[in-house]
Structure formats: structure tokens, C-alpha cells
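Biologist: I would like a close look at a single part of this model, followed through in one connected account.

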Amino acid sequence: MGARELTIVLLSAPTDCVDDDRTEQSLGLAYIASTLQAHGYSVEVIELTGLRSSELATALHRIPAVDVYGLTCYSTNYHSVRQIVTHLRSHHPGAYLCLGGPHPTALPTATLEDLQIDSVVVGDGELAFLSIVDALKRGRRILGAVGAIAPNDLDDLPFPNRHLVDQKTFTRTLNHCRTLSLISSRGCRHRCLHCNSVVMGGARKRVKFRSTGNIISEIRELKKMGYGALRFSDDNFADNPDLANLLSAIAKEDILYRVFSRLEQLEPATVQRLADSGCKLISVGLESLNPKNLRFLGKAGMLHCLKNLEHTERHGITVRASFMVGLPYDTDASIQHFFEKASRLPFTEYAIYALLPYPGTPLWENPERYGYEIVDADFTHYVQMGVGRQTAFVLKHTDPETGFTFHPADVLRWHCLAHDLFSSKRHMSNSQVG
Ligand code: B12
Ligand code: SF4
């Protein structure tokens, strides 16, 4: 690969494991595309999400022959990523293949060994992939795991390019308006035991935030594209150190939006500002009302701020609270007790997942330390909320003190019981907001 211009295709892979995997384009690929373009490369993005697995083989033949392929990969769509890689290797044997995203970031060596790819990027991919492509242009093929090159300042990144895919083919809405996602920070300062954010922070010690001015410029660009409804994909949106200014600036933009936030952050004054600036939905991870379970997860502080739910709903912001089953101190009696209690809390929408050991999290690395055994090591089964609200549980747990053991069947039973106890709430799949 010499002086000739390099041709590059970025790909996302489908999965059958959820009802809809085509809610939005991959923001990660859109960021990588715009970074490459800013450095003079031309890029094509092919989103294969939305295809059923039976349709994938045919679609693969439509992927053009290029010099470089970059694929984004979750744990749950790993099978179809493998199928795509196998196809590309056999039809375009000389092409350079690179993987990035949550799964290869957690398991770079295993992914490199399992798939015949040239490299994986660990963590943020914009500058690392650019360095890979620059090297290829100079005739050097970088092989193996490539560490993220984090930008000193997120504002230096060009906005993700949303014009390379047909936005009308994606399904996300908020208040019945078609919705685009953006992200105002990278990483999360918390270290909850189950959460993949530890991995995606690239073990980052410091969360990075974009400036208010930079976020507002992107919002204006999205409005010009015809989108006044947005979703912030940040792990903990309200943790922004410049939040008050950011929300005052957003308030002038006349948009609707939704966020994810820790409950601790949702103090009355913050909630007022969120409501005034157009926030319609906040997703919060309540996880469990059992204090021992919350301590286990690293969320013990949450029980002291349940009052924050009241302010939020009172300001007309729908709260979507998510809970977990399969935590160490769960029993039939405790599920009954704590979910009954939770059903009386002031939130409108809910989701219930099972605890899953995503690769790279402490629970995956060292399950026995927490009394768990992984009984199904196929991470493509690690679906929190799959087709028809199904959840998966792949762990067995034994309490070291009492010897009480629970298995996947118990957890799936608790999942059903918890749903029944929440009959006065609305499941997120029936959301009237987003
Ligand atoms: C939006 C989103 C979704 C969307 C997907 C939209 C899409 N088209 O990708 C939907 C709603 C469909 C979804 C579904 C699920 N999700 Co989700 N989702 C997210 C969320 C909130 C934001 C992703 C995002 O936009 N990030 C911002 C961009 C900039 O970052 P990024 O995508 O990671 O990309 C960067 C790097 O990863 C890297 N990179 C990524 N791809 C590539 C490719 C190359 C070639 C290179 C070099 C680099 C690279 O560079 C990018 C730029 O820096 C994340 C949490 C988060 N904060 O990241 C969870 C997250 C990705 N989801 C997660 C999970 C668990 C799921 C589900 C399994 C949940 C379920 N229903 O059971 C499903 C799985 C669906 C599937 N496809 O298999 C986990 C992933 C865990 C894992 N090991 O796979 C995450 C990390 C949440 C978490 N903290 O646990 N999700
Ligand atoms: S669960 Fe939420 S607060 Fe905890 S590490 Fe993950 S994103 Fe951060």
C-alpha cells in the first residue's frame, strides 16, 4: 500500500439478540470517520445493524473491496463480527483488518488470537486508528494491540460525521420525534463492579468532558440537520463540572433530550435546570434496594438520595429506573420484599436486568472472589434485555457464610417475580417517551 490513496470501510455488525439493534448509528464509527476525513482520507461507513443473521451472508457480498476495514464490536454481536471477518479474510486476503469497541478493548489478546485480524484498538479509537492508517500509507503495517491515543482535549475531535449513513433507517425517538445521539464526555469516575464503563474508560483515571461551547456547536449542527430531539449517551451526564452553564446554554437551543445519570447527581436545583432546558427522560440505575447488594456493586450512596426521584418526576421528567437480579444477597424473600418496596417509589418506567459478567469487569476477571462461578462462558449470551424482554443469567452464586446457592433458573424466576411486582409501572419497552 504505497502512494495510492487508501480506501477505507468502517462496519458495524448486527445481532439477533435484541428486538432492535438499529436504534442509532455507531457514534464511535462516526467519530473515527470524521477524524480520518479531517486528515484527508475518504471513508465509507456501512451499518449492518438491523439485518437478521440469515440476511448477513448475502449482505457481505455487497461490501466493496478496499485496503482497510475497521469493525466495531460488542460482546453480544461477536459471532456476526467473526462471520464478517471470515468473509473479508477470504474475499479480500490482502486487506488490513482492525477491530475496536467494548469487546476487543476488554479482551485484546483473545480477540487477536481468535480472529485473523491485524490489530485491535484498546479504548478510544479516533487517533489510534488514524495512526494505523497513516502508517499503512507509509507502507508500514501495525500489528497487534494498539493502545488508545486519547486526545488531550475532546474539543479537538471533529464532530462525528452523521452524513455517511441514511439517518432515516434508524429508529430512535424521543417524544415521538426522530432522535440523534451525541456524547459530551468519555468515561465515568465511578467503578461499579458490574459496569463495562471501567473497560471503555480504557482504564482512564480521569473522565474527559467537552466544553459547553463545543457541545452547543454540535447541537446547532444537529438542529440544522432537522433534529430537535437528542439523546446524550454519556455514562453520567449530570457529572459535568460545568453543568449549570451547559444547561443554561442548552435551554436557549429549544431542544428535547434525554440522559443517563447517577441518582446522587439529581439534586432539586439540578433537576430544575434539566427540566428547564428540555430534558424529558432520565435513566438511572437503582439496581437494588437491598443495602448489602448496593455495597457489593459500589453504589451504597444511592439509598440516601431516593428523594431525588420525587423532584424529578414532579418536574415532568420521566424517570426510567433500572434494577438487577442475581445479586449476591438476593433470595426469594428479599426479591419479594425489596421489589415490593421499589414499586412504591416515584418513578414511571422500569427495566430489570440480570447481573452479567461482561469481559474486563472485576466480576469477569475474578468471579470466585465474589462467590460467583461463570456457568456459561459464551459472552454472546450476555444480553441484559433481549428479544421480548428476556434476560440471561450465566452465573451460579454461593454465599460463603450460609452456603445458600442460587442458579440461573432461580434468577430467571426472580426476574419474572420482579416484573409482576412492578405491574403498576411501565416497562421501558412500552415507553411513551423514548
Ligand atoms: C448507544 C449504545 C447502545 C445502542 C447501540 C448503538 C450502536 N449503533 O452502536 C443500543 C441501544 C442498540 C445498545 C444495545 C446494547 N448495548 Co449498548 N451502549 C450504548 C452506549 C450507551 C453508548 C455507545 C456510544 O455511542 N459510545 C460513544 C462512542 C464514542 O464510543 P464507542 O462506541 O465505544 O466507540 C469508541 C471506542 O469504543 C472505539 N471504537 C469503537 N468501534 C471501533 C472500531 C474501530 C475499527 C476502532 C479502531 C475503534 C473503535 O473508538 C470509538 C471512538 O473513541 C454504551 C455506553 C457508553 N457510554 O459507551 C453502551 C454499551 C456499549 N452497551 C452495552 C451493552 C451491554 C448493550 C446490550 C448487550 C444491552 C442489552 N440489550 O442487553 C445491547 C447489545 C446490542 C448489540 N449490538 O449487540 C455495553 C457493552 C458491553 C460489551 N462488552 O459489549 C456498553 C459499554 C454499556 C455498559 N457500560 O455496560 N447499546
Ligand atoms: S454503573 Fe453508572 S455510575 Fe457505575 S461505573 Fe457504570 S456508568 Fe458509572
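At what angle do the axes of helix 1 and helix 6 cross, and within what distance do they come?

Modeller: This is a predicted model, in which local features need pLDDT of at least 70 and side-chain atom pairs count only at pLDDT 80 or more, while totals for chains, interfaces and linings use all residues. Residues are numbered from 1 along each chain as its sequence is written, chains are lettered from A and ligands numbered from 1 in the order in which they are written, and side-chain values use heavy atoms, with hydrogens and water left out.

The axes of helix 1 and helix 6 cross at roughly 50° and come within 9 Å; axes here are lines fitted to C-alpha atoms, for helices over the stretch in contact, and angles run from 0 to 180 degrees between N-to-C directions. Helices (H or I, at least four residues) and strands (E, at least two) are DSSP runs, numbered from the N terminus. The two helices, helix 1 and helix 6, are therefore oblique to each other, given that angles under 35 degrees count as roughly parallel, over 145 as roughly antiparallel, 65 to 115 as roughly perpendicular and the rest as oblique. The crossing of helix 1 and helix 6 is right-handed, that is, the near helix is turned clockwise from the far one by less than a right angle.

On the side of helix 1 the contact is made by Y31, I32, T35 and L36, and on the side of helix 6 by E126, L127, F129, L130 and V133, where contact means heavy atoms within 4.5 Å. By class, this contact of helix 1 with helix 6 has 7 nonpolar, 1 polar and 1 charged residues (Ala, Val, Leu, Ile, Met, Phe, Trp, Tyr, Cys and Pro count as nonpolar, Asp, Glu, Lys and Arg as charged, and the others, Gly among them, as polar).

The account continues with ligand 1. E126 is among the residues that come nearest to ligand 1, together with T72, S75, T76 and Q384, out of the 42 residues around it (a residue is near if one of its heavy atoms lies within 4 Å). Helix 1 gives the largest share of this shell around ligand 1, 5 residues, and the shell divides into 17 nonpolar, 18 polar and 7 charged residues. A backbone N or O atom of G125 lies 2.8 Å from an oxygen atom of ligand 1, and an N or O atom in the side chain of Y74 is 3.1 Å from an oxygen atom of ligand 1. Helix 1 (27–38) and helix 6 (126–137) are among the elements that give two or more residues to the shell around ligand 1.

How values were computed
Polar contact = N/O pair within 3.5 Å; in protein donor to acceptor, adjacent residues only side chain to side chain.
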